[in-house]
Amino acid sequence: MRLAGTKVLVAGAGVTGRSATQALTELGADVTVTDGNARRLAELDGLGAALEPGLDTPPDGTELVVTSPGWRPTAPLLVAAAEAGIEVIGDVELAWRLGQQRERPPVWLVVTGTNGKTTTVGMLESMLRAAGVDAVACGNVGFAVLDAVRAGHDVLAVELSSFQLHWSSTLAPRASVVLNVAEDHLDWHGGLDAYAAAKGTVHARSATVVHNVGEAWSQRLADEYAPDGARRVGFRLDTPRPGELGIVEDLLVDRAYVGDPVQGAEELATLADVRPLGPHNVANALAAAALARAHGVPSAAVAQGLRTFTPGAHRAVVAGEVEGVRYVNDSKATNPHAATGSLLAQEGVVWIAGGQLKGASVEELVDGVAARLRGAVLLGVDADVIGAALARHAPDVPVTRVDPGDHEPMTSAVNAAHALAKAGDTVVLAPAAASLDMFRDYAARGDAFTAAVAALGRERLGDGG
């Protein structure tokens, strides 16, 4: 990929736009950056690129467009580029092409899916490092994959969104997995099938295709997109068959990467090594192990990696315990599928939910967790939608709504949840929805929850003398 002197337009001045601009200018490309946000665009001043706000057509002579993943294909600038015959790629595709020019190209192990991506990539990075591999988690986790390639790492544990995959055309990972597919980003893709198809393309040139046997979309996309000759590895939450990873009693077991998959098996880790424990996280651990084993990571490093892995903030993190009631912050559960996994990991639950559902249905979620609910506290713009589902599927569950005018809605929600809970219950913030109607982002929502739990603890401790 010859870039010196090539006229390149970078669409978007966010994290990936900055990364692409730095890489392209260092390689001698003639770079122009455009963004509708003048302040964000100005932050790239000094990188050696021309800055042009709000372009609707590529500058004359443009030979390549590198778009930020959030830009829709229908954006006027990208439509104009395509109509002019200019190739449009994303930063991930650029990273892949540049990496292939290295004497020893980095190995890509790629994770996508609606939920669990960041946890799986973190577990994978930890397993690889436990094996002494120069590996880094990158992509949609906050460290741009292009920066990881430029840093020269040997193995990349890559989290990719459907947006990033849409703009990648030649990516060929050593191994790939689609963890699951549920309703999300349908406004961007236009429908569930198109969203799933974007996920499935991760397998199109993969050497090893990993799939969840118990997840219909994961299985289907592996069937549809695995190339001829690719190795197929399944994982399941029960006894594995030959060619699969799975669970035997309290052990994570490999019957895929062993000398005799029919007669043999190898212990990888124990369920106690998986934190936080829950069916969805066990599935994440098996997916990470399948990818790590595709790179030859020994079983001892899989176990050590799981033990040393630290779950990310706002992902099923225990925020505290007050009067025998445990409080779990899973603010990252921003869609119904993620919230389902979070709630099913507990027994008696008081659920704090609500926010922006983005058109997703909560009927299946509520129906599936109704038996575990001891109460529900609803807040946010779509609280009534969740409330209606609770009325249909869990009519006996007490529901409290937080007034949108409350000065500190999360404090009110935590206090209301405490009033509904009994000793031994767990209050779970698993909103099933986006946060922007009330908070800056899901992290701010989780921070507000944690602060409210701490305040409740101080208050109740004071009441007890």
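The largest cavity of this predicted model holds about 50 Å³ of space. A cavity is a set of points, on a 1 Å grid over the protein atoms alone, where a 1.4 Å probe fits but cannot get out, and lining residues have an atom within 4 Å of a point. Grid points are joined across faces, edges and corners, and a volume is the space filled by probe spheres set on the points. By this rule, there are three cavities of 30 Å³ or more. Residues are numbered from 1 along each chain as its sequence is written. Local features need pLDDT of at least 70 and side-chain atom pairs count only at pLDDT 80 or more, while totals for chains, interfaces and linings use all residues; side-chain values use heavy atoms, with hydrogens and water left out.

The lining of the largest cavity includes Gly-354, Gly-355, Leu-379, Gly-380, Asp-437 and Arg-445. By class, this lining has five nonpolar, four polar and two charged residues (Ala, Val, Leu, Ile, Met, Phe, Trp, Tyr, Cys and Pro count as nonpolar, Asp, Glu, Lys and Arg as charged, and the others, Gly among them, as polar).

The second largest pocket has a volume of about 440 Å³. A pocket is an open set with protein on both sides within 12 Å along at least five of seven lines. Its lining is made up of 16 residues, and Ala-182, Pro-336, His-337, Thr-340 and Glu-364 lie nearest its centre. Two or more lining residues come from each of helix 10 (216-225), helix 13 (336-344) and helix 14 (363-369); helices (H or I, at least four residues) and strands (E, at least two) are DSSP runs, numbered from the N terminus. Helix 13 gives the largest share, four residues. The classes in the lining of this pocket are nine nonpolar, four polar and three charged residues.

In helix 13, the buried residues are Pro-336, Ala-338, Ala-339, Gly-341, Ser-342 and Leu-343 (buried means under 20% relative accessible area, exposed over 50%, partly exposed in between, with a 1.4 Å probe and protein chains only). These buried residues pack against helix 11 (279-294), strand 17 (349-353), helix 14 and strand 20 (426-429).

Strand 18 (residues 373-378) has five of its six residues buried. Strand 17 pairs with strand 18 in the parallel sense over five bridges, where pairing requires that DSSP finds at least two bridges between two strands. Within this pair, Ile-352 stands opposite Val-377. Together with helix 14, strands 17 and 18 make a right-handed β-α-β unit; a crossover is right-handed if, with the strands pointing away from the viewer, the path from the first strand over the helix to the second runs clockwise. Strand 18 also pairs in the parallel sense with strand 19 (residues 399-401), over three bridges, and Val-377 has Thr-400 as its bridge partner there. The crossover from strand 18 to strand 19 passes through helix 15 (residues 383-393) and is right-handed.

Strand 2 (residues 30-34) is largely enclosed by the rest of the structure, because four of its five residues are buried. Strand 1 (residues 7-11) pairs with strand 2 in the parallel sense over five bridges, and Lys-7 has Asp-30 as its bridge partner. The chain passes from strand 1 to strand 2 through helix 1 (residues 15-26) in a right-handed β-α-β crossover. Two bridges join strand 2 to the parallel strand 3 (residues 50-51), in which Leu-51 stands opposite Val-33.

Definitions and conventions
Contact = heavy atoms within 4.5 Å.
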